[in-house]
Amino acid sequence: MSDLFDTIVSLCKQRGFIFQSSEIYGGQAATYDYGPLGVELKRNVKDLWWQEMVYGHGDVVGLDAAIMMHPKTWEASGHTEAFNDPLIDDKASNHRYRADELIEDHIRDLRQDGDMEQAEAVYERLVAALNSDDMAGNLYDIIQDEEIRAPRSGAFDWTPVRQFNLMFETHVGPVAETGDRIFLRPETAQGIFVNFQNVREPARQHVPFGIAQIGKAFRNEIVARQFVFRMREFEQMEMQYFVKPGEQLDFFAEWREKRMAWHKRLGVRPSKLRFHEHEQLSHYADAAEDIQYEYPIGWKEVEGIHSRTDYDLKRHQEYSGKNMTYYDPFEQEKYIPYVVETSVGLDRTVLMLLCDAYDEDEANGNERTVLRFHPEVAPIRAAIFPLSKKKGLPDIAHDIEADLRPHFNVMYDERGSMGKRYRRMDEAGTPFCITVDFDTLDDQQVTVRDRDSMEQDRVAIDQLTAYINDHSTGWSREDV
């Protein structure tokens, strides 16, 4: 599985999806840039999320809050005190690990070896440790008692577990020594909470309603690895849904199902998705589950659904002195709303789609690499090829390109053999390849080749837009 992950990382660079940031200077750790194909894939995911969450719900509106917020924001939210990771160092290699993840990996290995009783016992200790006052000490005890060795060196020589705050600190003002200390936001949710009244009143929304936002967040991940799965600069797609106290768990269950359905509509195989209930609830939550995907590196969180109670609004009311209560004109009562949160990592979603789409098969006796994206996600929806540069075929192909471009992102390609052009588009995940041939001159039809089945249809030029739309919306990963 790790070989598959390395293959996907390599393909991402070769094909211009994702590559190391500042690579010419040796790279910046845990930061990545999105190339021409990657930025289109990412944009498509954002558009589909916004379409679903905002345009698909009359009671959800959008927001774009600033990255740099007043420092009291993070005092109120609890991030300055409690936004920590439990980390432990291997003395032999000086490599740093998340202590809780080391134990989770150990539990997974016990289960794979069939030692279910011991796995359950360690799991119960992990849950107790995560919810204890001395989390660091209890995690260290588990590592010692289970003799968990460092994955990289194989050594059993650990430092104590320590807590590290993950927020990036900077300063506002001309001189850092005298400027105000602020933080780059570690999540986008707080921008929604502090703007609760600013959004609700002009948008004329009544509880229940939601506020959605897509934006950058920053975390000083000490243990940053696994490509774009864990980065220091990343994008989140979050929606905070404000509800009447006492109704939060019903809405939690509702949004839980809606969000799983969305991931499946992206074309992700249902067998690779699952819910995972949190072993440790955050101090603000009364329910929390993750949607996990089975990456080549194991089952990992791609989205979190949380019932956050009234913690955030209540804390911001306390620290700011501003009124965060809501008056219900229908029930004629006042209260601070509870919140149900859906928070999905955009970069993790992109990685999920790349992993799920990657495939290898044979085409005309030759092995090919293909990315089986849902057509509505694919960076390029269709490629247009003239079979020859003779008899005006390129002119017809360019006209088709111009006709399709207002509807889809398309690409014109006349270089190389047809086989090489198909292979390039297969690796890019392009679902439809359109070939203009000499018969087109007579019948005004083109050959459309399907990426997955490699079957070919003759389609009238004036029907191409409808054909692509029909075959896009009807696509299913399970049919491939």
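Domain bounds here come from an automatic or database domain assignment. For this protein chain, that assignment gives three entries: domain 1 (3-67 + 181-354), domain 2 (84-165) and domain 3 (380-474). Keep in mind that you're looking at a predicted model.

**Domains**
- Domain 1 is written as two stretches, 3-67 and 181-354, while domain 2 covers 84-165 and domain 3 covers 380-474.
- If you take the C-alpha centres of domain 2 and domain 3, they sit 54 Å apart.

**The seven-stranded sheet**
- Seven strands make up an open sheet with mixed pairing, and their order is S3-S9-S10-S16-S13-S12-S11.
- S3 and strand S11 (273-277) are the edge strands, each pairing on one side only.
- Going from one strand to the next, the twist averages 25 degrees.
- Inside the sheet, strand S12 (residues 287-295) and strand S13 (residues 298-309) run antiparallel and are joined by nine bridges.
- Within that pair, Tyr295 has Gly298 of S13 standing opposite.

**Helices on the sheet**
- Helix H10 (residues 248-265) packs on the sheet and touches strand S10 (233-243), S11, S12, S13 and strand S16 (338-345).
- The direction of H10 makes about 150 degrees with that of S13.
- Helix H12 (residues 346-357) lies across S10, S11, S12, S13 and S16 as well, and runs at about 35 degrees to S12.

- Strand S17 (residues 358-363) pairs with strand S18 (residues 366-371) in the antiparallel sense, over six bridges.

**Salt bridges**
- How many salt bridges does a search of the whole structure find? The count comes to 44.
- Lys13 and Glu23 form a salt bridge, with their closest N and O atoms 2.9 Å apart.
- Lys13 is in helix H1 (residues 2-14) and Glu23 is in the loop between strand S1 (18-20) and strand S2 (32-34), so this pair ties together parts that are 10 residues apart in sequence.

**A nonpolar surface patch**
- Ile67, Met68 and Val172 form a nonpolar patch on the surface, and together they have about 240 Å² of accessible area.
- Met68 belongs to the loop between strand S3 (60-62) and helix H3 (72-77).

Key:
Residues numbered from 1 in each chain as written. Predicted model: local features only at pLDDT ≥ 70, side-chain atom pairs only at ≥ 80, totals over all residues. Heavy atoms only, no water. Pairing = 2+ DSSP bridges. Helix = DSSP H or I, 4+ residues; strand = E, 2+ residues; numbered from the N terminus. Patch = residues over 30% accessible without salt bridge, like charges linked within 9 Å, V, L, I, M, F, W, Y side chains within 5 Å. Areas by Shrake-Rupley, 256 points an atom, 1.4 Å probe, with all protein chains shown as cover. Salt bridge = Lys/Arg side-chain N within 4 Å of Asp/Glu carboxyl O. Axes fitted to C-alpha atoms, helices over the stretch in contact; angles between N-to-C directions. Contact = heavy atoms within 4.5 Å.
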